[in-house]
Amino acid sequence: MELPDLQKYKDKYSQARFVDKIQRIAKRAGARMVYAALILYYTLESENVPIKEKAIIIGALGYLISPLDVMPDAIPIAGLSDDLAVLIFVLHKVWNQVSDEVKTKARGKLSKWFDLDEIKEADNLFSDDPSEGPV
């Protein structure tokens with residue numbers, strides 16, 4: 001899959017729209033996607049993250065929020081796969097800026113929408129192979 005130009009989605013991002021979208025799609029999207037989105041969201045709040053990385057994060061979160069993306073969210077299962085791909089791609093780019101505090105905060109927020117078994121899905125952000133262990 002070719003990734004979209006994330007800068008064209010930066011105007012779609014707002015804190016309120018992000019929170020609304022995550023609450024609406026949490027169960028359908030799954031813990032892994034929600035965890036990735038929350039990590040980016042909380043990393044965006046950090047004063048230690050350079051502007052360049054913040055711009056990429058804003059583009060990715062704007063893409064998540066936008067109903068007009070490569071694969072419309074209304075399409076069951078496949079509709080959120082492009083969103084997850086974008087979130088994981090951006091996480092790879094900014095991972096060195098993600099603090100343990102951000103990971104803990106994002107993980108704690110997952111308990112609002114998921115039970116412990118579902119939260120285990122988020123242990124392997126960068127792989128579909130459970131043998132690779134948590135990130």
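## Basis of the model

Because the model is predicted, local features need pLDDT of at least 70 and side-chain atom pairs count only at pLDDT 80 or more, while totals for chains, interfaces and linings use all residues. Residues are numbered from 1 along each chain as its sequence is written, and side-chain values use heavy atoms, with hydrogens and water left out.

## Packing of helix 2 and helix 4

Helices are DSSP runs of H or I with at least four residues, numbered from the N terminus. The axes of helix 2 (residues 31-44) and helix 4 (residues 81-94) come within 10 Å of each other and cross at roughly 45°, where axes are lines fitted to C-alpha atoms over the stretch in contact and angles run from 0 to 180 degrees between N-to-C directions. Helix 2 is therefore oblique to helix 4, a class that holds the angles left over when those under 35 degrees count as roughly parallel, over 145 as roughly antiparallel and 65 to 115 as roughly perpendicular. The crossing of the two helices is left-handed, meaning that the near helix is turned anticlockwise from the far one by less than a right angle.

On the helix 2 side, Arg32, Met33, Ala36, Ala37, Ile39 and Leu40 make the contact, and on the helix 4 side Asp83, Leu84, Leu87, Ile88, Val90, Leu91 and Val94 do so, with contact taken as heavy atoms within 4.5 Å. These residues divide into 11 nonpolar, no polar and two charged; Ala, Val, Leu, Ile, Met, Phe, Trp, Tyr, Cys and Pro count as nonpolar, Asp, Glu, Lys and Arg as charged, and the others, Gly among them, as polar.

## Salt bridges

The structure holds six salt bridges, each defined by a side-chain nitrogen of Lys or Arg within 4 Å of a carboxyl oxygen of Asp or Glu. In one of them, the closest N and O atoms of glutamate 118 and lysine 27 are 2.7 Å apart; this pair links distant parts of the chain, since glutamate 118 belongs to helix 6 (residues 116-119) and lysine 27 to helix 1 (residues 15-29), 91 residues apart. Glutamate 118 is partly exposed at 27% relative accessibility, whereas lysine 27 is exposed at 53% (buried means under 20% relative accessible area, exposed over 50%, partly exposed in between, with a 1.4 Å probe and protein chains only).

Glutamate 45 and lysine 105 form another salt bridge, with closest N and O atoms 3.5 Å apart. Glutamate 45 lies in the loop between helix 2 and helix 3 (51-65) and lysine 105 in helix 5 (residues 100-110), so the pair ties together parts 60 residues apart in sequence.
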